[in-house]
Amino acid sequence: IVTGTSWNPLVWMKDGVTKYWNNKEEDCLAMIKLWGPSDCIQFSMPIHISMPFRHLVSFFWTAYVSFTRGGSNEEDNKLKRTLSVSGDSAKIEK
């Protein structure tokens, strides 16, 4: 199930760029706080440990971004439009 109000990729891109622009300062600061020390630790490790360490940190970073940025806002809670997979019909939920 795809949720949204449009199947137009340009609308998706505009929405993504707008969200990025509104959150860029906070997200970039959080990235520097995480990846700076993480890279220092990783580069001091043997190669067979550094890659799993990097993947573990990346997993938790992705989870953090998903939990902090992946939620819906108030406007989305008021009216959700669920588009069918084929795109030929829409069901409006309140």
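I take buried to mean under 20% relative accessible area, exposed to mean over 50%, and partly exposed to mean anything in between. By that scale R69, with a relative accessible area of 26%, is partly exposed. I note at the start that this is a predicted model.

**Entry 1: layout**

I looked up the elements of the chain. I found 3 helices and 3 strands. From the N terminus on, they run β-α-α-α-β-β. I then asked what share of the 94 residues is buried. Buried residues make up 15% of the chain.

**Entry 2: salt bridges**

I searched the whole structure and got 4 salt bridges. I went through several of them by residue.

I began with R69, already noted as partly exposed. R69 forms a salt bridge with D27, and their closest N and O atoms are 3.0 Å apart. This pair links distant parts of the chain, with R69 in helix α2 and D27 in helix α1, 42 residues apart. Is D27 buried or exposed? D27 counts as buried because its relative accessibility is 19%, and the cut-off is under 20%.

Next I took D39. D39 forms a salt bridge with R54, with the closest N and O atoms 2.2 Å apart. Here too the pair links distant parts of the chain: D39 sits in helix α1 and R54 in helix α2, 15 residues apart. D39 has 21% relative accessibility, so D39 counts as partly exposed. R54 is also partly exposed, at 27%.

Then I checked K19. K19 forms a salt bridge with D15, the closest N and O atoms being 3.4 Å apart. Both residues are in helix α1 and 4 residues apart, so about one helical turn separates them. K19 is partly exposed, with a relative accessible area of 46%. D15 is partly exposed as well, at 39%.

**Entry 3: aromatic rings**

How many aromatic pairs does the structure hold? I found 2. F59 and F60 form an edge-to-face pair, 5.3 Å centre to centre with 75° between the planes. I call this pair edge-to-face because its planes are over 60 degrees apart. F59 is exposed, with a relative accessible area of 54%. F60 is exposed too, at 53%.

W61 and Y64 form a tilted pair, 5.5 Å centre to centre with 35° between the planes. These two are 3 residues apart in helix α2 (residues 47–69), so about one helical turn separates them. W61 is buried, with a relative accessible area of 15%. Y64 counts as partly exposed, at 36% relative accessibility.

I also looked for a charge over a ring. K24 lies over the face of W21, at 3.8 Å from the ring centre.

**Entry 4: nonpolar surface patch**

W7, V11 and W12 make a nonpolar surface patch of about 290 Å². Where does W7 lie? W7 is in the loop between β1 (2–3) and α1 (9–43). W7 counts as partly exposed, at 35% relative accessibility.

**Entry 5: cysteines**

I checked for disulfides last. A disulfide is a covalent bond between the sulfur atoms of two cysteines. The count comes to 0 disulfides, with a cut-off of 2.5 Å between the sulfur atoms. I noted the exposure of two cysteines. C28 is partly exposed, with a relative accessible area of 32%. C40 is exposed, at 58%.

How values were computed
Residues numbered from 1 in each chain as written. Predicted model: local features only at pLDDT ≥ 70, side-chain atom pairs only at ≥ 80, totals over all residues. Heavy atoms only, no water. Patch = residues over 30% accessible without salt bridge, like charges linked within 9 Å, V, L, I, M, F, W, Y side chains within 5 Å. Areas by Shrake-Rupley, 256 points an atom, 1.4 Å probe, with all protein chains shown as cover. Salt bridge = Lys/Arg side-chain N within 4 Å of Asp/Glu carboxyl O. Buried < 20%, exposed > 50% of the residue type's maximum accessible area, 1.4 Å probe, protein only. Phe/Tyr/Trp six-rings, centres within 6.5 Å; stacked < 30°, edge-to-face > 60°. Lys NZ or Arg CZ within 6 Å of the ring centre and 35° of its normal.
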